[in-house]
Amino acid sequence: AAAAKRPGLEEVKDEAGNVIEPALTVHALRHTHGSALIAAGWDVQEVSARLGHSNPATTLRIYTHAFDAARRSAARRDRLARLYGEADLGATRGAS
């Protein structure tokens with residue numbers, strides 16, 4: 001708890017004392033790290049080893065949503081590439 005207070009990671013409460021933003025925990029950071037690895041394209045064995053899971057099935061069970069989202073994102077990119085062509089996508093990335 002003291003480690004969270006120092007950098008300002010403790011819970012945030014409103015005037016009535018209701019928690020409006022929970023404290024950032026080591027567990028939440030670990031889960032965010034695992035999700036970020038999956039989004040970056042790491043496979044289940046790599047993520048499992050990185051997080052110290054004894055079995056990749058544990059990683060799949062916990063992070064199913066992240067693997068599904070990564071697959072959907074890749075499928076969307078592929079559909080857009082087929083629809084607009086790779087060259088067009090590259091040209092529009094820098095244009096905003």
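Me: Leaving aside its neighbours within four places in sequence, with which residues is Thr59 in contact?

Reply: Contact means heavy atoms within 4.5 Å. With neighbours within four places in sequence left aside, Thr59 is in contact with Val44, Val47, Ser48, His53, Thr64 and Phe67. This is a predicted model, in which local features need pLDDT of at least 70 and side-chain atom pairs count only at pLDDT 80 or more, while totals for chains, interfaces and linings use all residues. Residues are numbered from 1 along each chain as its sequence is written, and side-chain values use heavy atoms, with hydrogens and water left out.

Me: Is Thr59 buried or exposed?

Reply: Buried means under 20% relative accessible area, exposed over 50%, and partly exposed in between (1.4 Å probe, protein chains only). Thr59 has 0% relative accessibility and therefore counts as buried. Ile62 is partly exposed, as its relative accessible area is 34%. Both Thr59 and Ile62 are placed in helix H4. Of the 96 residues of the chain, 17% count as buried.

Me: Which elements does the chain have, and in what order do they run?

Reply: Helices (H or I, at least four residues) and strands (E, at least two) are DSSP runs, numbered from the N terminus. Here there are five helices and two strands, and from the N terminus on their order is α-β-β-α-α-α-α.

Me: At what angle do the axes of H3 and H4 cross?

Reply: Axes are lines fitted to C-alpha atoms, for helices over the stretch in contact, with angles from 0 to 180 degrees between N-to-C directions. The axes of H3 (residues 44–51) and H4 (residues 56–84) cross at roughly 110° and come within 10 Å. The two helices are therefore roughly perpendicular to each other (a class for angles of 65 to 115 degrees; under 35 is roughly parallel, over 145 roughly antiparallel, the rest oblique). H3 contributes Val44, Gln45, Val47, Ser48 and Leu51 to the contact, and H4 contributes Pro56, Thr59, Leu60, Tyr63 and Phe67.

Me: Which residues make up the largest nonpolar core?

Reply: A nonpolar core is a set of buried Ala, Val, Leu, Ile, Met, Phe, Trp, Tyr and Cys residues joined through side-chain atoms within 4.5 Å. The largest one has eight residues: Leu37, Ile38, Val44, Val47, Leu51, Tyr63, Ala66 and Phe67. Residues up to four places away in sequence not being counted, Ile38 touches Val47, Tyr63, Ala66, Phe67 and Ala70.
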